[in-house]
Amino acid sequence: GYHALDERTVLDFLDGVPDLRARLGGSPESWAVQEVGDGNLNMVFLVDGPDGSLCVKQSLPYVRAAGESWPLPLDRAFYEQAYYRAVGPHVEGLTPHFYYYEPALYALVMEKLSPHIILRRGLIEGRRYPDVARHVGDYAARACFATSDFGLTIEEKAELNATFARNTSLIRITAEVVFTDPLSTSPRNRWTSPELDDLARTFRADSALKATVADWGWRFLTNGEALIHGDLHSGSVMVTETDTRVMDPEFSFVGPIGFDVGAFIANLVMNFFAQPGHASASDDRRAQADWVLDQVPVFWDAFESRFLSLLETGSRGDVYTAGLFTSPADQQALATQRRAILDKIFGDAVAYAGVKTIRRILGFAHNADFERITDHAKRAPLETKSIQLARRFLLEPESFRTAADIVAAARAI
Ligand code: SR1
Ligand code: MG
């Protein structure tokens with residue numbers, strides 16, 4: 001039966017699985033354990049033995065960041081491991097190694113990543129990761145392509161859809177805390193800069209903005225293009241200077257590809273705006289901010305080039321089938337259509353980036369990029385710049401046709 005693990009019982013669990021015990025080596029008395037979960041939902045244990053290390057992630061029956069007053073079904077761990085199984089073979093080296101799933105405990109056991117840190121933390125500390133944007137762009141393209149109608153047959157896609165459509169508790173969380181709460185008077189909303197009171201009121205009274213966000217919420221639920229990660233922010237990526245791993249796919253379901261792409265763009269742009277708040281006497285952060293923003297086109301270009309090349313060489317599904325396109329004119333029309341597919345994903349990503357930014361500033365779950373700026377008088381103007389650009393992403397889509405347009409607009413604010 002299910003019980004929430006603690007630093008003692010997690011060792012009993014690992015000791016009871018021969019393969020995991022062998023990975024750690026020795027016996028439980030020689031294992032060191034630490035609970036390190038700092039996300040909104042789960043418990044995370046890191047365990048070190050004489051021969052190796054493991055990471056155990058377990059669902060709690062409630063939202064950890066809110067406590068037992070916000071109950072949440074345990075099954076998110078099932079969808080997380082199902083995503084790793086579905087996507088892992090297509091993104092070799094870009095996720096943690098997945099070792100074991102214990103259904104009774106809703107617990108996954110994975111590789112402990114070391115010396116990796118969370119990308120968001122690294123960016124806040126002023127560090128640079130030369131390959132991360134390219135790696136995550138490549139990851140999103142490979143993962144989404146392989147699980148889309150381009151990469152799967154009708155039957156395979158239906159199977160995927162049948163499994164992940166049941167991830168309803170986390171799909172509901174996104175529908176509520178991302179698309180609904182932030183522009184309403186939900187008691188779950190909070191903002192930590194009192195200077196934002198007027199802005200929150202103005203946003204709640206902005207009919208065009210609310211209708212647009214609601215429409216993107218509808219598209220989020222109905223545009224089943226691929227198995228998406230569902231929460232691809234900079235806290236879902238662990239890095240070293242040279243290595244990148246995408247983790248935490250518990251929000252995965254068959255949805256719009258632009259939701260993943262937009263999430264990563266939004267988090268780069270928010271970190272760009274937050275950089276001056278992390279400046280010190282010896283480190284004004286202007287160069288770091290520029291570097292972070294420049295990762296937006298690096299990320300998009302990597303996504304686009306990989307997705308286009310997979311469209312050209314990796315299609316095995318039941319859409320745009322090769323037999324349809326035989327003449328040079330057909331090939332020309334096909335190339336135009338492929339361009340339109342990428343433009344559609346980019347347009348979606350810009351809008352979802354807008355939605356994901358607004359929720360991080362006015363909604364329940366905030367991000368450390370802004371929250372670590374302790375002086376709210378310093379923080380509020382940076383949050384305001386970020387959320388004003390987010391509003392433009394949603395209401396002026398014609399101004400954002402390329403990643404360079406995003407960079408230029410962010411710099412101009
Ligand atoms: C109630 S959970 C809020 C957020 O935490 C996760 O990181 C997701 O972003 C979710 O929306
Ligand atoms: Mg997460």
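Predicted model: local features only at pLDDT ≥ 70, side-chain atom pairs only at ≥ 80, totals over all residues.
The UniProt record, an unreviewed entry, carries the annotation "domain: Aminoglycoside phosphotransferase" for residues 33–278. In the model, this span is 40% helix and 19% strand.

Strand S3 covers residues 53–58. Of its 6 residues, 5 are buried, so strand S3 is largely enclosed by the rest of the structure. Strand S3 pairs with strand S2, residues 43–48, through 6 bridges. The two run antiparallel. They form a hairpin, with 4 residues between them. Within this pairing, Val 44 stands opposite Lys 57 of S3. Strand S3 also pairs with strand S7, residues 107–111. Here 5 bridges are found, again in the antiparallel sense. Val 56 faces Val 109 of S7 as its opposite residue. In a regular strand, side chains alternate between the two faces of the sheet.

Strand S7 has a further pairing, with strand S6. This pairing is antiparallel and has 4 bridges. Phe 98 stands opposite Met 110 of S7. S6 and S7 form a hairpin with 4 residues between them. Tyr 106 lies in the turn of that hairpin, in the loop between strand S6 (98–102) and S7. Its phi is positive, about 50°, although Tyr 106 is not a glycine. Most residues other than glycine have a negative phi. A residue is buried if 20 or more other C-beta atoms lie within 10 Å of its own. Tyr 106 has 23 such neighbours inside 10 Å, so it counts as buried.

Tyr 320 lies in the loop between helix H11 (286–313) and helix H12 (328–362). With 15 C-beta neighbours inside 10 Å, Tyr 320 counts as partly exposed. Tyr 106, by contrast, counts as buried.

The loop between S7 and S8 holds Pro 115. A cis peptide bond joins Ser 114 to Pro 115, with omega about 10°. Most peptide bonds are trans.

Strand S8 belongs to an open sheet of 3 strands. The order is S8-S10-S11, and the pairing is antiparallel. Strand S8 (117–118) and strand S11 (244–246) stand at the edges. Each has a single partner strand, so one side of each is left without a neighbour in the sheet. Strand S10, residues 237–239, is joined to S11 by 3 bridges. These two strands run antiparallel. Val 237 stands opposite Val 246 of S11.

Helix H3, residues 76–87, contains Gln 81. This residue is buried, with 22 other C-beta atoms within 10 Å. Gln 81 and Glu 102 are 21 residues apart in sequence. Their C-alpha atoms are 10.0 Å apart in space.

The largest nonpolar core has 94 residues. Among these, Ile 265, Val 269 and Phe 299 touch the most other members. Helix H10, residues 257–274, gives the largest share of this core, 13 residues. The core draws on both domains, with at least three residues from each of domain 1 (9–111) and domain 2 (117–412).

Both domains also meet at the ligand. Domain 1 (9–111) and domain 2 (117–412) each give residues to the shell around ligand 1, so ligand 1 lies between them. The shell includes Gly 39, Asn 40, Leu 41 and Val 63. Ile 173, Thr 174, Val 177 and Val 178 are also among the surrounding residues. Asp 231, Phe 364 and Ala 365 complete the list. Helix H7, residues 168–180, gives the most to this shell, with 4 residues. By class, the shell has 7 nonpolar, 3 polar and 1 charged residues.

Note on methods: Residues numbered from 1 in each chain as written. Chains lettered and ligands numbered in written order. Near = placed C-beta within 6 Å. Nonpolar A, V, L, I, M, F, W, Y, C, P; charged D, E, K, R; others polar. Domains from an automatic or database assignment. Buried ≥ 20, exposed ≤ 12 C-beta atoms within 10 Å, placed from the backbone. Pairing = 2+ DSSP bridges. UniProt positions renumbered as here; feature names shortened; annotations may be inferred. Core = buried A, V, L, I, M, F, W, Y, C linked by C-beta atoms within 7 Å.
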